[in-house]
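Please read the following account alongside the sequence and the model.

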Amino acid sequence: MLLSSKAIVLKSFPYSNTSIISRLYTEDYGKVSVMAKGARRPKNPLASTLEPLNGIHVNYFSKESRGLQNLKEANSLYIVKNIREDMHSLTTGLTILDILDHTCIEQDPSPILYRLVTKCVNVLEENPGLYKEIFWFFMLQLAIRSGFKPNLDRCGGCLCTMSECVLDIHTGMLSCRNCISIGDNDLNSPQLQVLKKLNVTHINNLSNIELSDKLSNGITQFLLSFLKIHMLGMEKVKSLKIMDQLL
Ligand SMILES: [Zn+2]
């Protein structure tokens, strides 16, 4: 069956002397791996089209019993350029793809996740300096879209209004200091305010969130720990270590 969809390229690697295998996240069919025969032959533009982070429109022959599908054609929707020139934004972009790749299963479409990831990549391309805010936005929205919206207002234990919070690693809920006294994954009051603001800010307005380096430390770790508790596959995301050093 010939299928067609918009997609974002998650990963590509060479296969044999002339071909490429690409893992795509398609809008209509979810994650799928395709073989692009001849893509590495000289002057074939497919190789650059199939670089990770790029947006494409694909046609491929799909057979359900097969793990690898045959690419018929791929046309470029957008090419990422600015992200590749900045180490921080490139690491951020690739980590976002890595998280999506490991937390979703093959052929389980989610047009909402597709739109979230492509929007994050496109905003990052326009504003490489906003890599922290975009990464946090992605993690928070991924949790929400996957059904694990954190309650940033009330303690999961006693329901009091929290001014600061600790992540309860047993329940995955945010708790007050009275309910959980020991824990490494905590947010002080200004950090919790950043997350609350992030929660109600449109992705196009992320530059409105004021940040200091002091606040940044800890927020990334907190969100990653939250995702690790709630989402299967997070433990396999290798790029998190690099991301951790970066933020
Ligand atoms: Zn409490």
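The centres of domain 1 and domain 2, taken over C-alpha atoms, are 29 Å apart. The model is a predicted one. In the domain assignment of the protein chain, domain 1 covers 2–78 and domain 2 covers 87–246. Contact between the two involves 14 residues of domain 1 and 16 residues of domain 2. On the side of domain 1 that touches domain 2, strand 1, strand 2 and strand 3 (30–36) are the elements that give two or more residues. Sorted by class, that side of domain 1 has seven nonpolar, two polar and five charged residues.

In soluble globular proteins, nonpolar side chains tend to be buried together. Here the largest nonpolar core has 62 residues, and Leu24, Leu100, Val117, Cys120 and Phe138 are those with the most contacts inside it. Helix 4 gives the most to this core, with eight residues. Domain 1 (2–78) and domain 2 (87–246) both give residues to the core, so it lies between them.

Apart from its neighbours within four places in sequence, Leu100 is in contact with Leu10, Tyr25, Leu113 and Val117. Leu100 is also one of the buried residues of helix 2.

Helix 2 comprises the 17 residues 87–103. At 1.5 Å a residue helix 2 should span 24 Å, and its end C-alpha atoms are 24 Å apart, which agrees. Which residues of helix 2 are buried? They are Ser89, Thr92, Gly93, Thr95, Ile96, Leu97, Asp98, Ile99 and Leu100. What covers these buried residues includes strand 1 (2–15) and strand 2 (19–26), together with helix 3 (111–126), helix 4 (131–145) and helix 7 (240–246).

Helix 6 can be read in the same way. Helix 6 (residues 213–230) has 18 residues and reaches 27 Å from its first C-alpha to its last, close to the 26 Å expected at 1.5 Å a residue. The residues Ile219, Phe222, Leu223, Leu224, Phe226 and Leu227 of helix 6 are buried. An α-helix has 3.6 residues a turn, so residues three or four places apart point the same way. The cover over the buried residues of helix 6 includes helix 4, strand 6, strand 8, helix 5 (189–200) and helix 7.

Strand 6 and strand 8 also belong to a sheet. The sheet is open and has three strands in the order 7-6-8, with antiparallel pairing. Strand 7 (174–175) and strand 8 (186–187) stand at the edges with a single partner strand each, so one side of each is left without a neighbour in the sheet. Strand 6 (residues 165–167) and strand 7 run antiparallel and are joined by two bridges. Leu167 has Leu174 in strand 7 as its bridge partner.

Two loop residues remain. Lys43 is placed in the loop between strand 3 and helix 1 (46–49). Its phi is near 70 degrees, a positive value in a residue other than glycine. Is Lys43 buried or exposed? Lys43 counts as exposed because it has 5 C-beta neighbours inside 10 Å. Leu159 lies in the loop between helix 4 and strand 6. Phi of Leu159 is likewise near 70 degrees, a positive value in a residue other than glycine. Leu159 has 12 C-beta neighbours inside 10 Å, and therefore counts as exposed.

How values were computed:
Residues are numbered from 1 along each chain as its sequence is written. This is a predicted model: local features need pLDDT of at least 70, side-chain atom pairs count only at pLDDT 80 or more; totals for chains, interfaces and linings use all residues. Helices (H or I, at least four residues) and strands (E, at least two) are DSSP runs, numbered from the N terminus. The expected span of a helix is 1.5 Å times one less than its number of residues. A residue is buried if 20 or more other C-beta atoms lie within 10 Å of its own, exposed if 12 or fewer, and partly exposed in between; C-beta atoms are placed from the backbone. Two residues are in contact if their C-beta atoms, placed from the backbone, lie within 7 Å. A nonpolar core is a set of buried Ala, Val, Leu, Ile, Met, Phe, Trp, Tyr and Cys residues joined through C-beta atoms within 7 Å. Domain bounds come from an automatic or database domain assignment. Two strands pair if DSSP finds at least two bridges between them. Ala, Val, Leu, Ile, Met, Phe, Trp, Tyr, Cys and Pro count as nonpolar, Asp, Glu, Lys and Arg as charged, and the others, Gly among them, as polar.
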